Amino acid sequence: MKQLQLLAAGIAMAFASEAFAATEVNKFARDTEVCDPVLIYSGGLAKRPTWNEQNLRPYVTHLYADGHRDWFFDSFIFNETIRSTPDRGNVVLGNASAGQVPSVKEDWEWWVDHVFAPDHDLHALDKLIGKYKKELGEPRMRHKVIISACAPCKDGSGGGAVWADINWGEINGTKINLARKQHRIIATNWHIDQIKKRFEDEHFENIDLAGIYWIEESLFSNSDILPAVNAHIKSIGLRSYWIPYWENNDQYALSGMDKYGFDMVWRQPNYFFYKTGSYDLPDYQQLVDCIESSKKWGLGLELEFETQDKSNGMHEVSEKMHQRLIDYIDAFEKYGVWDESGVAHYGGSKGFVDMAASSDPVNQATMDRLASFVAKRQSAFAGISDVKADKHVKIAYTGPCEIFIAADSASVYDIAGTTIFKGNGRVQCQPGIYIVADDYGNACKVAVPSM
């Protein structure tokens, strides 16, 4: 029996390899409309901030260590996976599994009303960009938004997860039964049409709607409807976007654009986070493998970090976790991602808000470096040769009896010219004056204070 199982598995792998080989391109994917989108989770859970102008500011602009402010992300993926309700508890907006409560039409309408509310989310973003145009001038790229569509959910309330008639609601007098594939397509396309119409009706001045985001990170529930849904998105002049997770997801992720019709797919390395149900962290090789396979199969990449719970990457909370964010930035540079690939950015519920509020110089250095990469990428995308951000990124910061090297690698010299350190990270040293020089000809003098 085991031999038969192994034989069957080998045949399945052979067919899978053959299918994937048909789309092997050895080139990263890049979108034609957005360069560096950032995910904005909004409204469903208590840990989500209210996306007013104050909280959106660190996503729209970046304040460098020298006091210079510049534009930051060019596009924003507004999405949510859960709605908290007083009577039904937490309702999932996609990928319902055992024990979860599936969303219905009322919940899908809630999402549209929420993201288009007059005092937060899209309207706050539009107003904030307008205000900063007066200070910073026109952005390198016109700002875009991508809005998630809710996904039909299996019924998990009975202990399993099955397609069922959950009294989802009606569309044009037809009672939608999610147990029927065609009804799932009808409901999803109707929802997408509502998003597009609402956006057009709001008459925003500073943002355009680039497309629709599919919130499910795997397609084990809705793979059968995605080709039709994505064809509909294209038919109404929008693009479709998806960010699949890394582990055991190749059958969907590698075929996301060819088979399922997405216009752009960014892949999650999931290197930053603890493994599910454990206190083990992925090896660095997982990040490299994801980068290399994404290039092989023609996908983009997602940069990831978090500032809450056990994966908190704030430097003052965990140097180890913060180093994982630096690993992403370094690996993306080493393997050509910044130069060649589309990149989406994930900071958890409010990672960039937390980083902007931190007084830790290491957080500042990391965000300065990331913002500089984004600025250069946007300039290349838009055909602009001058990038102001480059000269505002410091290669070293000081703290009491220490120097933090923000460059990939740099040498630290004392005033006698003796090399005391080479590499990156934190350097413990005596108070005094030091020279720091990186491998690209940049140098600076730093004064290290005493404790």
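Reader: H12 first. Is helix H12 mostly covered or mostly open?
Author: Mostly covered. In this predicted model, 16 of the 22 residues of H12 are buried.

Reader: What span should helix H12 have, and what does it have?
Author: Helix H12 covers residues 361–382. At 1.5 Å a residue, its 22 residues should span 32 Å. The end C-alpha atoms are 31 Å apart, which agrees.

Reader: What happens at the start of H12?
Author: A side-chain oxygen of Asp360 comes to within 2.7 Å of the backbone nitrogen of Val362.

Reader: And just after H12, which residue takes a positive phi?
Author: Gly383 does, at about 75°.

Reader: Cavities next. How many of 30 Å³ or more are there?
Author: Four. The largest cavity holds about 100 Å³ of space.

Reader: Which residues are closest to the centre of the largest cavity?
Author: Ile326, Arg369, Phe404, Ile405 and Ala406. They belong to a lining of 13 residues.

Reader: Which elements supply at least two residues of that lining?
Author: H12 is one of them. The others are helix H9 (319–334), strand S17 (402–414) and strand S18 (419–428).

Reader: Which gives the most to the lining of the largest cavity?
Author: S17, with five residues.

Reader: How does the lining of the largest cavity split by class?
Author: Six nonpolar, four polar and three charged.

Reader: What is the volume of the second largest cavity, and what lines it?
Author: The volume is about 50 Å³. The lining is Arg30, Asp31, Val34, Cys35, Trp266, Ser341, Gly342, Arg377 and Phe381. By class, that gives four nonpolar, two polar and three charged residues.

Reader: Now the largest pocket. What volume?
Author: About 1,200 Å³. The largest pocket is lined by 38 residues. Closest to its centre are Glu217, Gln268, Asn270, Phe273 and Tyr346.

Reader: Which elements give two or more residues to the pocket lining?
Author: Strand S1 (37–41) and strand S14 (300–304).

Reader: How do the pocket lining residues divide by class?
Author: 14 are nonpolar, 13 polar and 11 charged.

Reader: Back to S1. How many bridges join S1 to S4, and in what sense do they run?
Author: Five bridges, and the two strands run parallel. In that pair, Ile40 stands opposite Phe78 of S4.

Reader: And how do S4 and S8 pair?
Author: Also in the parallel sense. S4 and strand S8 (residues 143–149) share four bridges. Phe76 stands opposite Val145 in S8.

Reader: Why is S4 largely enclosed by the rest of the structure?
Author: Five of the five residues of S4 (residues 75–79) are buried, so the strand is largely enclosed.

Reader: Which S4 residues point which way?
Author: Ser75, Ile77 and Asn79 point one way from S4. Phe76 and Phe78 point the other way. All are buried.

Reader: Last topic, the three-strand sheet. What order, and what pairing?
Author: The order is S5-S6-S7. The sheet is open and the pairing is mixed.

Reader: Why is one side of S5 and of S7 left without a neighbour in the sheet?
Author: Strand S5 (82–85) and strand S7 (101–102) stand at the edges. Each has a single partner strand, so one side of each has no neighbour in the sheet.

Reader: How do S5 and S6 pair?
Author: Antiparallel, over four bridges. S6 spans residues 89–92. Its Gly89 is the bridge partner of Thr85.

How values were computed. Residues numbered from 1 in each chain as written. Predicted model: local features only at pLDDT ≥ 70, side-chain atom pairs only at ≥ 80, totals over all residues. Heavy atoms only, no water. 1 Å grid on protein atoms, 1.4 Å probe; cavity = no way out; pocket = protein on both sides within 12 Å on 5 of 7 lines; lining within 4 Å. Points joined across faces, edges and corners; volume = space filled by probe spheres on them. Nonpolar A, V, L, I, M, F, W, Y, C, P; charged D, E, K, R; others polar. Buried < 20%, exposed > 50% of the residue type's maximum accessible area, 1.4 Å probe, protein only. Pairing = 2+ DSSP bridges. Expected span 1.5 Å × (residues − 1). Polar contact = N/O pair within 3.5 Å; in protein donor to acceptor, adjacent residues only side chain to side chain.
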